[in-house]
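Here is a short briefing for a first look at a protein structure. Keep the sequence and the 3D view side by side as you read.

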Amino acid sequence: MWNSYQTDAGTTITAGITTYTGGGGDQIHTYVARPTGTGPYPGVVLIHHLPGWDEIYQEFARRLANHGYIVNAPDLYCRFGHGTPDDVAAKVRGEGGVSDDSVVADCEAALSWIKAQPGSNGKVGVMGTCSGGRHTMVVASRVKGFDAAIDLWGGGVVMTPEQLTPQRPVAPIDLTKDLEAPLLGIFGNDDQNPPPDQVNQHEAALKAAGKVYEFHRYDGAGHGFFYHDRGAYRQQQAMDGWEKVYAWFEKYLS
């Protein structure tokens, strides 16, 4: 939990950009953050949002590493070319988005990468915000081996037939039956992507399928309320949400 460390513990982490073998055997960039001790440590595959593989995700990776996780945050847009996160994200949007198949392959490879690391305890979670929350649902449903999943306000989990595309051919809610990892969902009640009625539909599908899950919804919070770099940030709700993230991973990954 926040500020739960001992002041004489000497906690240190390493963090930085490297490459790993992603889907299809491609070498793609990733931001890796990890404790420097011998472990054993659980791991997290951290799925970035559509604003891109950006600095806020580097901060999220370091925050999780500081709490004892080996984090692999792959650049899911690596194959689109390079530039500022905003420039690359604009190119991805212009080309219809990254395909679900590509994200699944890269995240499955990241899962294997974490499990192969010295100091891994063999347990790995997956987590993402916004489009990364949607991708979390897709990945956790299609890839076996994740021990916990966290969807932070993932829009597009519920989709109409008209919203399906070659890149996103299946609504994640339709994959619910295949979800094996316990799921934590965190949402703002002022969000419109997903709006509260879609969160209700998602919860109903999880209940009907008998899945292990918890949903938490925050009044006074909209889309992206963890993001301290923009006006959507809501400090009280965000910090409470982070406490729930830590508790979920502690419960299922330790």
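The points below cover a strand and its partners, a valine, a helix pair and a proline. The model is predicted.

- Strand β3 covers residues 41–47, and seven of its seven residues are buried. The strand is therefore largely enclosed by the rest of the structure.
- In a regular strand, side chains alternate between the two faces of the sheet.
- Look along β3 with that in mind: Y41, G43, V45 and I47 point one way. P42, V44 and L46 point the other way. The residues on both sides are buried.
- One partner of β3 is strand β5, residues 120–129. The two strands run parallel, and six bridges link them. V44 has G125 in β5 as its bridge partner.
- Another partner is strand β4, residues 70–74. This pairing is also parallel, over three bridges. Here V45 stands opposite N72 in β4.

**V71, a residue of β4**

- V71 lies in strand β4. Its relative accessible area is 0%. The cut-off for buried is under 20%, so V71 counts as buried.
- What does V71 touch, leaving out residues up to four places away in sequence? The list is Y31, V32, A33, V44, L46, A61, L64 and A65.
- Two of those contacts, V44 and L46, point the same way from β3.
- D174 is 103 residues from V71 along the chain. Their C-alpha atoms are 28 Å apart.

**Helices α1 and α6**

- Two packed helices are described by the angle between their axes and the distance between the axes.
- Helix α1 spans residues 55–66, and helix α6 spans residues 235–253. They pack at about 50°, and their axes are 12 Å apart.
- Are α1 and α6 parallel or oblique to each other? They are oblique. Their crossing is right-handed.
- From α1, the contact uses F60, R63 and L64. From α6, it uses W242, Y246 and F249. By class, five of these residues are nonpolar, none is polar and one is charged.

**P85, a residue of α2**

- P85 belongs to helix α2, residues 85–94. Its relative accessible area is 33%, so P85 is partly exposed.
- Beyond its neighbours within four places in sequence, P85 contacts P51, W53 and D54.
- D54 is 31 residues from P85 along the chain. Even so, their C-alpha atoms are separated by 5.5 Å.

Conventions. Residues are numbered from 1 along each chain as its sequence is written. This is a predicted model: local features need pLDDT of at least 70, side-chain atom pairs count only at pLDDT 80 or more; totals for chains, interfaces and linings use all residues. Side-chain values use heavy atoms; hydrogens and water are left out. Axes are lines fitted to C-alpha atoms, for helices over the stretch in contact, and angles run from 0 to 180 degrees between N-to-C directions. Helices (H or I, at least four residues) and strands (E, at least two) are DSSP runs, numbered from the N terminus. Angles under 35 degrees count as roughly parallel, over 145 as roughly antiparallel, 65 to 115 as roughly perpendicular and the rest as oblique. A crossing is left-handed if the near helix is turned anticlockwise from the far one by less than a right angle, and right-handed if clockwise. Contact means heavy atoms within 4.5 Å. Ala, Val, Leu, Ile, Met, Phe, Trp, Tyr, Cys and Pro count as nonpolar, Asp, Glu, Lys and Arg as charged, and the others, Gly among them, as polar. Buried means under 20% relative accessible area, exposed over 50%, partly exposed in between (1.4 Å probe, protein chains only). Two strands pair if DSSP finds at least two bridges between them.
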